[in-house]
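Hello,

Please have a look at it first, and then read my notes below.

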Amino acid sequence: MIRTENVVKIFTGRGAEVRAVDGVTTTVDKGEVVVVIGPSGSGKSTFIRCVNGLESFDSGHVYIDGVDIADRKTNINKIRAEVGMVFQQFNLFPHRTVLENLTLAQRKVRKRKKSAADEKARMLLRKVGIAEKESEYPSRLSGGQQQRVAIARALAMDPKVMLFDEPTSALDPEMVGEVLDVMKQLAREGMTMMVVTHEMGFAREVADRVLFMDMGKIVEEGTPEHFFTAPREERTQLFLKQVL
Amino acid sequence: MKVAQKLWPWQLLLAAILIVMAAGIYGSVKRIDYEWRWYRVPQYFLYKAEDPIKISDDGIVEKITPAGDTAKVTVNLVDGSRKVLEVEADTIRVEQGEELFIGDTVGYVATWRLGPLLTGLVTTMWISAAASVLGLAIGLIAGLMKISRNYTVSMLAAIYVEIIRGTPLLVQIFIAYFFIGTVFNLDRNVAGIGALALFAGAYVAEIVRAGIQSIPKGQMEAARSLGMSLPQAMTEIILPQALKRILPPLSGQFISLIKDSSLVSVIAITDLTKSGREIITSTFATFEIWLVVAAMYLIVTSLLSQFVFYLERRLAISD
């Protein structure tokens with residue numbers, strides 16, 4: 001579903017060169033849940049943003065469903081419509097109601113009729129448990145509710161893959177659970193997911209595979225059992241000792 | 001510690017200061033022995049114009065029938081036809097049986113007309129309105145160009161903004177009328193509105209640019225991640241939020257534009273300021289007219305800012 005080949009992203013600032021993503025090659029199969037963990041500044045967020053082209057990368061390839069997004073001829077908007085993304089800061093549209101947040105892209109990008117878009121949106125709001133807030137503006141919602149709306153907004157496009165960029169990092173601790181529950185339910189339903197997170201519990205429970213990134217490289221890759229019980233690399237062991 | 005501040009002593013102080021200042025102005029005007037003639041001002045708002053009613057051919061007045069304030073004058077013309085003319089009763093210049101010649105005045109008809117102060121205000125308003133609409137369009141385009149990632153496009157906008165903001169509006173109006181207007185044979189109104197619109201556009205461009213850049217980057221990313229194109233994301237997500245944010249500075253700019261429009265009087269557009277100057281040349285009521293003109297600008301601008309205040313509250317529902 002997703003295949004990346006040697007993705008390199010270099011940031012240059014004040015003469016210094018930072019290889020934020022340094023030759024990452026991996027795959028995410030259909031229905032698979034891949035969790036990316038790693039210390040701050042390890043390039044995991046930059047990497048996931050490269051996957052839907054929000055961050056342009058310097059070299060390498062990202063194939064979504066076999067289409068290379070690095071190819072200039074690729075219509076990136078068409079690809080992005082198939083790849084849902086959930087951000088750390090929710091990024092709901094504050095000037096639109098919750099329902100409009102869910103229907104806007106359906107109507108503008110998928111060209112759905114208003115009735116069809118509304119129906120889809122209400123179904124998803126029920127699914128994430130905030131059907132009663134459909135006519136509120138996002139600023140009236142708690143962080144957890146906003147993030148659930150953001151997930152519903154991405155799902156409204158019927159994406160083939162969902163990307164989560166630290167979806168619980170900006171939340172108050174008591175709201176983390178409600179968002180993770182929605183994500184777990186999605187995983188159970190067989191959604192292909194790539195998740196950057198610091199929630200080790202989520203990684204252990206839901207992930208099919210865990211990627212550990214540091215200094216822009218994948219240091220270790222494996223099943224949660226392998227990863228959390230018998231990590232091979234020293235860097236991974238050190239990291240796990242600090243977070244667990 | 002709770003400090004309950006009483007308001008009334010300060011209100012009293014404010015009133016006292018204002019009274020002292022007014023008294024000071026009154027006193028100084030008294031000393032220069034200026035004769036105030038406020039009674040001459042109202043006629044420049046509205047006045048009763050008397051238009052002469054003239055006879056179209058030679059004839060004889062057959063009869064005069066009064067009807068309230070007006071009177072009907074029936075005239076037998078030489079070609080045998082009969083003509084009835086209606087004039088104000090107290091302005092009749094003819095008698096029954098009088099012989100009239102072509103072009104003679106039978107009487108007058110009075111109608112209420114807008115005086116130069118009001119026609120000037122209307123001119124000021126429509127010139128400002130036209131320049132605002134144009135200026136907003138120019139500013140929106142130039143603002144978007146300025147944030148473009150294309151070097152040529154952004155530099156073009158930057159040069160435009162620099163040139164306009166670095167030169168006086170008065171000089172720009174002169175150039176627009178005497179140089180560009182001469183070359184392209186432009187009407188003075190076109191030159192005036194064009195100069196004002198280009199001037200406002202440069203400032204609007206900066207406001208628009210700042211407004212767009214004040215919207216968090218995540219908004220654009222969220223819109224693009226849903227598959228929206230750049231223009232779609234701009235028009236649906238970024239601009240609506242930015243416009244709401246820039247409404248206060250934008251309205252300030254347009255209120256400034258109403259005031260700046262007084263400068264077009266130098267290219268002989270009869271706006272409120274030019275009307276005031278024309279009235280003064282015929283009345284010498286310098287103090288009264290300039291005070292009235294200032295008050296009229298003030299009324300228009302404060303009404304506009306009240307309207308914007310109302311708009312801001314309406315738009316605040318999603319905050």
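Let me start with a detail in chain B: Val75(B) stands opposite Lys83(B), which lies in β4(B). Strand β3 of chain B (residues 70-77) pairs with β4(B) over seven bridges in the antiparallel sense. (Strands are DSSP runs of E with at least two residues, helices are runs of H or I with at least four, and both are numbered from the N terminus; two strands pair if DSSP finds at least two bridges between them.) Both belong to an open sheet of four strands in chain B, with the order β4-β3-β2-β5 and antiparallel pairing. Its edge strands, β4 (82-88) and β5 (99-100) of chain B, each pair on one side only.

Before going on: this is a predicted model, where local features need pLDDT of at least 70 and side-chain atom pairs count only at pLDDT 80 or more, while totals for chains, interfaces and linings use all residues. Residues are numbered from 1 along each chain as its sequence is written, chains are lettered from A and ligands numbered from 1 in the order in which they are written, and side-chain values use heavy atoms, leaving out hydrogens and water.

Now to chain A, which has nine helices and 10 strands. Its C-alpha trace spans about 55 × 45 × 40 Å along the principal axes. Of its 244 residues, 55% are buried (under 20% relative accessible area, with a 1.4 Å probe and protein chains only). Among chain A contacts (heavy atoms within 4.5 Å) between residues at least 6 apart in sequence, 66% join residues at least 24 apart.

Best wishes

Technical notes:
Buried means under 20% relative accessible area, exposed over 50%, partly exposed in between (1.4 Å probe, protein chains only).
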